[in-house]
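I opened this entry to record what I looked up in the model, going from the whole chain down to single residues.

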Amino acid sequence: GPESAKRMDVLLSEPFGRFRAEEFKSMVSWRQVQEKANISDILRVHEFNYTQTLKEQCKALEAKAKEVPGHHLRLDLDTVITPESYEAAMVAAGAVVKAVDAVLDGEASNAFCCTRPAGHHAGPRGASRFFPEVGRESESH
């Protein structure tokens, strides 16, 4: 469904977010990661051409968004990108890499990353081939 910041609030907002509940206080260690993933880590999951196309599309949107605020690109029925989408995806992937490293290094027994960058369901080549409306630009009003 449509993205909403409320999804994060339900889990994370203080003091009422679900993960802030008393039952989790002794079990949860909070880490906010702002480090981007290395492209080599991204290429374990996504093809190079897809990552570069996405990066270029976001850069092109950056210029257009200066002229038309709210300008974005719909990649498929579920995925909308903005000028910030590539960087957001890189930071989200960085958080996942850090979480996996923490588990593998024995610093944590498990991990949960609360991230939902645009395209978080994408496969190796990007959006699903079942969505015909690829690359349609639009503006929010």
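I took buried to mean under 20% relative accessible area, exposed over 50%, and partly exposed in between, with a 1.4 Å probe and protein chains only. On that basis, buried residues make up 23% of the 141 residues in the protein chain. I note that this is a predicted model, in which local features need pLDDT of at least 70 and side-chain atom pairs count only at pLDDT 80 or more, while totals for chains, interfaces and linings use all residues. Residues are numbered from 1 along each chain as its sequence is written, and side-chain values use heavy atoms, with hydrogens and water left out.

Fold. I counted elements as DSSP runs numbered from the N terminus, helices being H or I of at least four residues and strands E of at least two. The protein chain has four helices and three strands, and their order from the N terminus is α-α-α-β-β-α-β. Taking contact as heavy atoms within 4.5 Å, I found that 64% of the contacts between residues at least 6 apart in sequence join residues at least 24 apart.

Surface. Accessible areas come from the Shrake-Rupley method with a 1.4 Å probe, and for residues only the protein chains shown count as cover. The chain exposes about 10,100 Å², of which 54% belongs to carbon and sulfur atoms. Methionine 27, in the loop between helix H1 (6-12) and H2, counts as exposed because its relative accessibility is 60%.

Histidine 46. I placed this residue in the loop between helix H2 (39-42) and helix H3 (48-67). Histidine 46 is buried because its relative accessible area is 19%, and beyond its neighbours within four places in sequence it is in contact with Thr51, Ala122, Gly123 and Pro124.

Alanine 99. This residue belongs to helix H4 (residues 85-104) and, with a relative accessible area of 14%, is buried. Not counting residues up to four places away in sequence, alanine 99 touches Ala111 and Cys113; the C-alpha atoms of alanine 99 and cysteine 113 are 7.4 Å apart, although 14 residues separate them along the chain.

Cysteines. How many disulfides does the structure hold? With a disulfide defined as a pair of cysteine sulfur atoms within 2.5 Å, I found zero. For cysteine 114 the closest cysteine sulfur, in cysteine 113, is 9.0 Å away, which is too far for a bond. Cysteine 114 is partly exposed at 22% relative accessibility, whereas cysteine 58 is buried at 2%.
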